[in-house]
Amino acid sequence: MSHPAPQDHAQTPPDVDVEAKAGSGADRTGKAEARDGLRERLVRTGVALVDAEGAQALTLREIARRAGVSHGAPRRWFPTHLDLLSAIAREGFAELAARVAEADREAEGTDAGPRARIEALARVYLGYAADRRGMYELMFRHDLLESGRLGLRGTSLPLFVRLTALVAELRPGTDAVSAAGALWANLHGLAQLRHWGSLPLATGSDDPAPLVRAALDAHLGPAEPTR
């Protein structure tokens, strides 16, 4: 990403002083709404930026510039860079969770068992990785994110818990957490190799479906034969 030129900073609007905008006679509710509005604008700007240019573009200065505030303004709502990155990643986890929930709802109207649901979850996961590449890369960099203060664990872990529950249902008596973790790592590798172009180069196909089924066989055992 090309960094903003000096004139970009010169043209950046002055810091948005929420208290001043609210007016000296504004009530506390109005001030809170103004603060929340700018906070959400910063997050939305970050989401758009990560989609367009990837996680490496998410500097405080660039998000502030695109949001139309001074580079110091985000620190009023996000004390650290990691806090803002985490708030952006939280939006990605919410969307991925919604996609998984939709797949579950669709399966409820069928006789789909746990293996079919795991396969559907895997397709959703890989589809999200392909559709929202920059967000996907940010979401799973927990080494870069602040997971505690903003409740990011509570947003990200339910997806893994869901996968673990399906594995336990499919293979009772096994170490479902380890099996789910190994399967997730396999899916993550598929997503990365597919994005880098290594997967189609090696296999001659960009279709992940056969590899997903092979991964499920490897980690969960062969599928029951259909009757």
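A residue counts as buried when its relative accessible area is under 20%. Keep that cut-off in mind as we walk through this structure, which is a predicted model.

Let's start with helix H4, which runs over residues 60-67. Its buried residues are Leu60, Glu62, Ile63, Ala64 and Ala67, so by that cut-off each of them has under 20% of relative accessible area.

Next, the inside of the model. How many cavities of 30 Å³ or more does the structure hold? There is 1, and the largest cavity takes in about 40 Å³ of space. Around the largest cavity you'll find Val100, Ala103, Asp104, Ala107, Arg117, Ala120 and Leu121. Two helices, H5 (81-108) and H6 (114-131), each put at least two residues into that lining. H5 gives the most, with 4 residues. Sorted by class, the lining has 5 nonpolar residues and 2 charged ones, with no polar residues.

Finally, hop over to helix H9, residues 176-196, where glutamine 192 sits. Is glutamine 192 buried or exposed? Its relative accessibility is 16%, so glutamine 192 counts as buried. And what does glutamine 192 touch, once you leave aside its neighbours within four places in sequence? Its contacts are Arg133 and Tyr136.

Definitions and conventions. Residues numbered from 1 in each chain as written. Predicted model: local features only at pLDDT ≥ 70, side-chain atom pairs only at ≥ 80, totals over all residues. Heavy atoms only, no water. Buried < 20%, exposed > 50% of the residue type's maximum accessible area, 1.4 Å probe, protein only. Contact = heavy atoms within 4.5 Å. 1 Å grid on protein atoms, 1.4 Å probe; cavity = no way out; pocket = protein on both sides within 12 Å on 5 of 7 lines; lining within 4 Å. Points joined across faces, edges and corners; volume = space filled by probe spheres on them. Nonpolar A, V, L, I, M, F, W, Y, C, P; charged D, E, K, R; others polar.
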